[in-house]
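Take a moment to look over the model before reading on.

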Amino acid sequence: MSNTAGKVIKCKAAVAWEAGKPLVIEEVEVAPPQKHEVRLKILYNALCHTDVYFWEAKGQNPLFPRILGHEAAGIVESVGEGVTELRPGDHVLPVFTGECRECAHCKSEESNLCELLRINTDRGTMLNDGKTRFSKDGKPIYHFVGTSTFSQYTVSHVGSVVKINPAAPLDKVCILSCGVCTGFGATVNVAKPKKGSTVAIFGLGAVGLAAAEGARVSGASRIIGVDLNSNRFEAAKKFGVSEFVNPKDHNKPVQEVIAEMTNGGVDRSVECTGSVQAMISAFECVHDGWGVAVLVGVPKKDDEFKTHPMNFLQERTLKGAFYGNYKPRTDLPGVVEKYMNKEMEVDKFITHSVSLSEINKAFEYMLAGQGIRCIIRMEH
């Protein structure tokens with residue numbers, strides 16, 4: 001065991017004290033892991049839009065002070081009671097969802113929606129005792145989606161921690177713990193395009209580009225990117241996107257534009273924006289008889305999806321995907337191996353890198369739409 005096991009660790013963390021206000025680098029105290037928990041030394045983070053969304057706190061319950069962060073990689077520092085599958089020194093990816101391996105969903109071959117550990121953005125405490133493991137000056141600081149990786153040390157439930165190949169570069173594979181798997185898996189595991197297929201990707205942020213990468217490695221013959229920001233089109237070419245449609249450039253619905261481009265519609269579409277209008281377009285642009293549309297983006301609370309029932313009766317299929325249908329502990333080590341074996345490209349998603357002390361720059365890049373993923377070095 002490490003010499004810090006069982007002790008409170010003092011370390012640096014980027015704390016969100018208020019909605020939309022710059023994060024503050026603070027010295028915080030991180031308590032030891034309790035039953036079925038693991039304390040991790042976080043080495044690298046990548047900023048995901050979900051962190052920004054909950055930092056802004058415009059569309060959900062604000063919970064502050066809070067340590068955000070969930071797309072990360074690190075090393076196990078110590079383990080709590082009952083943890084047998086991880087040990088200090090293991091290289092790991094913490095994940096915002098989990099796999100308890102005991103519930104009906106975990107036992108199902110089809111689902112990855114663990115009943116115990118599926119994402120809960122409102123919970124700011126640990127499952128074991130309803131308390132936080134973070135504090136400053138004796139006052140609690142709330143957790144975020146069970147990960148809170150904007151801290152040099154964090155505590156997670158063992159079911160949300162994935163052991164990976166120690167040879168994998170943590171400053172690269174950290175981005176597999178959220179956005180890349182969400183998009184890539186939506187294509188390869190859910191849409192399942194056949195070789196030679198036509199695929200439309202709605203939204204060319206990191207998740208959409210990962211969906212395009214999934215179409216590229218599946219052997220799609222045409223990958224059409226749809227985005228309201230034409231500046232994204234150049235970068236998308238690296239991910240196999242060869243044709244682009246900006247809905248603002250047309251005076252007809254984008255689904256009609258795509259149907260005309262593809263002789264009746266694409267074979268598969270993947271929607272990665274959260275816009276309900278994009279979701280409708282993604283469904284209505286697939287070919288009748290065999291077209292499959294997959295929804296990935298998270299809609300607003302009161303959104304409603306409306307389409308004519310004939311679109312279903314004409315044998316179009318609509319599916320949803322959560323985290324690319326990957327079971328974190330079962331499937332993620334294999335995704336890391338795909339990267340190690342050069343079967344998928346990850347490095348091209350990384351466009352910026354900052355130190356923990358510069359973490360607010362990462363937020364600025366994302367808010368300005370600059371780059372794809374910014375790595376945050378945790379400066380131990």
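Predicted model: local features only at pLDDT ≥ 70, side-chain atom pairs only at ≥ 80, totals over all residues.

Residues are numbered from 1 along each chain as its sequence is written, and side-chain values use heavy atoms, with hydrogens and water left out.

Where does Arg-66 sit? Look in the loop between helix H1 (49-56) and strand E4 (71-79). Helices (H or I, at least four residues) and strands (E, at least two) are DSSP runs, numbered from the N terminus. The side chain of Arg-66 makes polar contacts with backbone oxygens. One is the oxygen of Thr-121, at 2.7 Å. Another is the oxygen of His-143, at 2.8 Å. A polar contact is a pair of N or O atoms within 3.5 Å; within protein, one must be able to donate a hydrogen and the other to accept it, and residues adjacent in sequence count only if both atoms are side-chain atoms.

Arg-66 also touches residues from other parts of the chain. Not counting residues up to four places away in sequence, its contacts include Ala-14, Phe-54, Asp-122 and Tyr-142. Contact means heavy atoms within 4.5 Å. Phe-144 is 78 residues from Arg-66 in sequence, yet their C-alpha atoms are 6.9 Å apart in space.

Now turn to two serines. Ser-151 lies in the loop between strand E7 (139-141) and strand E8 (153-157). Ser-151 counts as buried because its relative accessibility is 0%. A polar atom of its side chain lies 2.5 Å from the backbone oxygen of Tyr-153. Beyond its neighbours within four places in sequence, Ser-151 is in contact with residues including Cys-11, Val-28, Phe-134 and Met-378.

Ser-135 belongs to strand E6 (residues 134-136). Its relative accessible area is 17%, so Ser-135 is buried too. Setting aside residues up to four places away in sequence, Ser-135 touches Val-28, Glu-29, Pro-140 and Ile-141.

Next comes helix H4. H4 bends by about 35 degrees at Gly-185. That bend is the angle between axes fitted to the seven residues ending there and the seven starting there. Of the 13 residues of H4, 11 are buried, so the helix is largely enclosed by the rest of the structure. Among them are Gly-179, Phe-184 and Val-190. After H4 comes Lys-192, with a positive phi near 50 degrees.

H5 is mostly covered, with 9 of its 12 residues buried. Its buried residues pack against H4, and also against strands including E10 (198-202) and E11 (222-226). Gly-219 follows H5, and its phi is positive, near 90 degrees.

Pick out Ala-211, which lies in H5 (residues 206-217). Ala-211 counts as buried because its relative accessibility is 0%. Leaving aside its neighbours within four places in sequence, Ala-211 is in contact with Gly-183, Phe-184, Thr-187, Ile-201, Val-270 and Cys-272.

What about the cysteines? The structure holds 0 disulfides; a disulfide is a pair of cysteine sulfur atoms within 2.5 Å.

Finally, consider the nonpolar residues. In soluble globular proteins, nonpolar side chains tend to be buried together. Here the largest nonpolar core has 96 residues, and Leu-86, Phe-150, Val-173 and Leu-176 touch the most other members. Another core, of 15 residues, lies apart from it and includes Ala-200 and Val-257. A nonpolar core is a set of buried Ala, Val, Leu, Ile, Met, Phe, Trp, Tyr and Cys residues joined through side-chain atoms within 4.5 Å.

How values were computed
Buried < 20%, exposed > 50% of the residue type's maximum accessible area, 1.4 Å probe, protein only.
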